[in-house]
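Me: I would like to learn how to read the features of a structure like the one shown here. Please give the general idea each time, then the case.

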Amino acid sequence: MYKILTNKSYSNGKELHNIEYLVENGQIGQIGQIGQTGQTGQNIKKAPAADSTTETFDLTNYHVMPGMIDLHVHGAMGHDVMDATYEAIAAISSHKLKEGCTAFCPTTLTASTDDTIKAIKNVRAAMDIGVDGAKIIGAFLEGPFINTKYRGAHVEKYVREMDLTAATEFIQAGDGCVASIAVAPEQPQALSAIRAFKEMGVQVRLGHSAATLEQAEQAVQAGANMAIHTFNAMSPFHHREPGLVGAVFSNEKLIGELICDLIHVHHSACKALVNAKHGEGIALVTDCMAAGGLSDGEYKLGELNVKVVDGASRLADGSLAGSTTNMLTCLKHMHKNIHVPLAEASEMATATPAKALGIFNKIGSLDVGKSADIIAFDDDFNIVFVMVDGVVKINRLPC
């Protein structure tokens with residue numbers, strides 16, 4: 001059993017002051033007040049009980065929040081999800097943990113049917129075996145059912161029109177591990193496929209798409225609830241043809257992923273999106289590829305050659321190809337450069353992703369009964385403490 005003391009903690013868009021969290025059996029068991037109550041939005045009356053076996057972590061000098069959730073990550077430390085090896089998934093999991101991420105979606109690329117199925121089955125196997133870092137919350141299939149015009153760093157020869165039979169084969173290969181799938185909604189049969197995916201319990205993300213506003217709206221009505229890396233690889237905004245970007249801005253049901261590395265999206269565009277969507281409408285993601293955590297150089301993204309210069313990963317033609325950023329950097333940029341309050345920025349990295357995947361009942365906030373996924377960092381955004389499912393994974397607190 002653990003007791004965690006905080007002066008400032010952030011949960012579901014709110015800032016809480018002087019709170020104790022009692023962790024037991026891998027979950028947040030009780031929440032108590034140790035001083036004046038901040039804007040908690042909760043009925044917190046007294047400190048949680050503890051006994052002589054309770055270990056206390058004093059995080060009162062740090063910022064405390066739920067572990068971050070990366071819904072879109074391809075690789076790190078020289079490994080790629082498409083490697084289809086346990087070692088690759090384990091390495092990505094360990095890397096994510098160091099950035100304060102406690103849960104993630106291993107993400108595939110558009111590839112051959114055989115390679116895609118191998119990658120999906122490998123994610124399933126890794127979930128069964130278990131990983132020691134950030135936990136796997138399900139695979140995200142980014143492709144192959146996208147628009148060639150906006151394919152970005154996806155191999156053109158593998159891009160295909162929506163084929164529900166093929167998509168179902170991918171989902172069944174994962175034996176329940178596929179959490180979401182990408183769809184270009186302008187494709188023939190896309191709307192019926194979106195409805196079918198929802199019935200299967202698979203969330204649908206729109207992206208790599210030339211969709212009009214109307215096509216995007218129809219996809220949302222059919223069940224889609226996210227847009228992949230907003231602004232990137234999608235039909236742009238025009239005042240008479242708002243496109244998919246316009247749908248993200250105007251539709252409250254459509255959560256927009258955002259790579260806030262200030263390379264993929266200009267800070268003013270990030271600010272405009274925040275003003276339109278706020279914390280509950282944006283999910284911070286990394287879209288990180290194999291170069292994450294490593295120095296500049298030459299790497300692979302699936303079958304494609306990628307060169308990383310000053311942290312920006314690009315194809316030979318100059319197109320961006322994933323990122324090398326991490327969730328902590330995105331959170332820091334959102335707070336320091338976009339000037340979003342930390343409570344709202346943390347919501348974009350925790351509660352909103354959890355709600356988007358339909359798992360907010362389990363993770364994403366510091367509430368009683370939820371997994372004890374808790375992180376702490378200092379004013380310079382250095383991670384000092386990480387707990388996953390009630391197990392302390394990183395402890396850099398002074399003795």
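Reply: Start with burial: a residue is buried under 20% relative accessible area, exposed over 50%, and partly exposed in between (1.4 Å probe, protein chains only). Lys 135 counts as buried because its relative accessibility is 16%. This is a predicted model, in which local features need pLDDT of at least 70 and side-chain atom pairs count only at pLDDT 80 or more, while totals for chains, interfaces and linings use all residues. Residues are numbered from 1 along each chain as its sequence is written, and side-chain values use heavy atoms, with hydrogens and water left out.

Me: What share of the 399 residues in the protein chain is buried?

Reply: Buried residues account for 59% of them.

Me: How do I judge the overall dimensions of the protein chain?

Reply: The radius of gyration is taken over C-alpha atoms, and the globule rule is 2.2 Å times the number of residues to the power 0.38. For 399 residues a compact globule would come out near 21 Å, and the 20 Å of the protein chain agrees with that. The C-alpha trace spans about 60 × 45 × 45 Å along its principal axes.

Me: How many helices and strands does the protein chain have?

Reply: Helices (H or I, at least four residues) and strands (E, at least two) are DSSP runs, numbered from the N terminus. The protein chain has 10 helices and 22 strands.

Me: Which residues of α9 are buried?

Reply: They are Leu 342, Ala 343, Glu 344, Ala 345, Ser 346, Glu 347, Met 348 and Ala 349. Since 8 of the 8 residues of helix α9 (residues 342–349) are buried, the helix is largely enclosed by the rest of the structure.

Me: How should I read contacts?

Reply: Contact means heavy atoms within 4.5 Å. Among contacts in the protein chain between residues at least 6 apart in sequence, 68% join residues at least 24 apart. Not counting residues up to four places away in sequence, His 95 touches Ala 76, Met 77, Gly 292 and Gly 293. His 95 counts as buried because its relative accessibility is 14%.

Me: Now the charges. How far apart do the centres of the positive and negative side chains lie?

Reply: Lys and Arg count as positive and Asp and Glu as negative, while His and the chain ends are not counted. The place of a charge is taken as NZ of Lys, CZ of Arg, CG of Asp or CD of Glu. The protein chain has 32 positive and 44 negative side chains, and the centres of the two sets lie 3 Å apart.

Me: How many salt bridges does the structure hold?

Reply: A salt bridge is a side-chain nitrogen of Lys or Arg within 4 Å of a carboxyl oxygen of Asp or Glu. The structure holds 11 of them. In one, the closest N and O atoms of Lys 135 and Asp 389 are 2.6 Å apart. This pair links distant parts of the chain, 254 residues apart: Lys 135 is in strand β10 (residues 135–136), and Asp 389 is in the loop between β21 (383–388) and β22 (391–395). Asp 389 is partly exposed, with a relative accessible area of 33%.

Me: What are the closest N and O atoms of Arg 160 and Asp 163 apart by?

Reply: The distance in that salt bridge is 3.6 Å. Arg 160 is partly exposed at 28% relative accessibility, and Asp 163 is partly exposed with a relative accessible area of 28%. Elsewhere, salt bridges that share partners join Asp 70, Lys 96 and Glu 99 into one network. Within it, Lys 96 and Glu 99 meet at 2.7 Å, N to O, and both Lys 96 and Glu 99 are buried.

Me: Where is the backbone worth a look, and which peptide bond is cis?

Reply: The bond from Gly 143 to Pro 144 is cis, with omega near 15°. Pro 144 is in the loop between β11 (139–141) and α3 (164–173) and is buried at 1% relative accessibility. Leaving aside neighbours within four places in sequence, Pro 144 is in contact with Thr 110, Tyr 158, Val 159, Arg 160 and Phe 170. For phi, Asn 18 in strand β2 (residues 14–24) has a positive value of about 55° although it is not a glycine.
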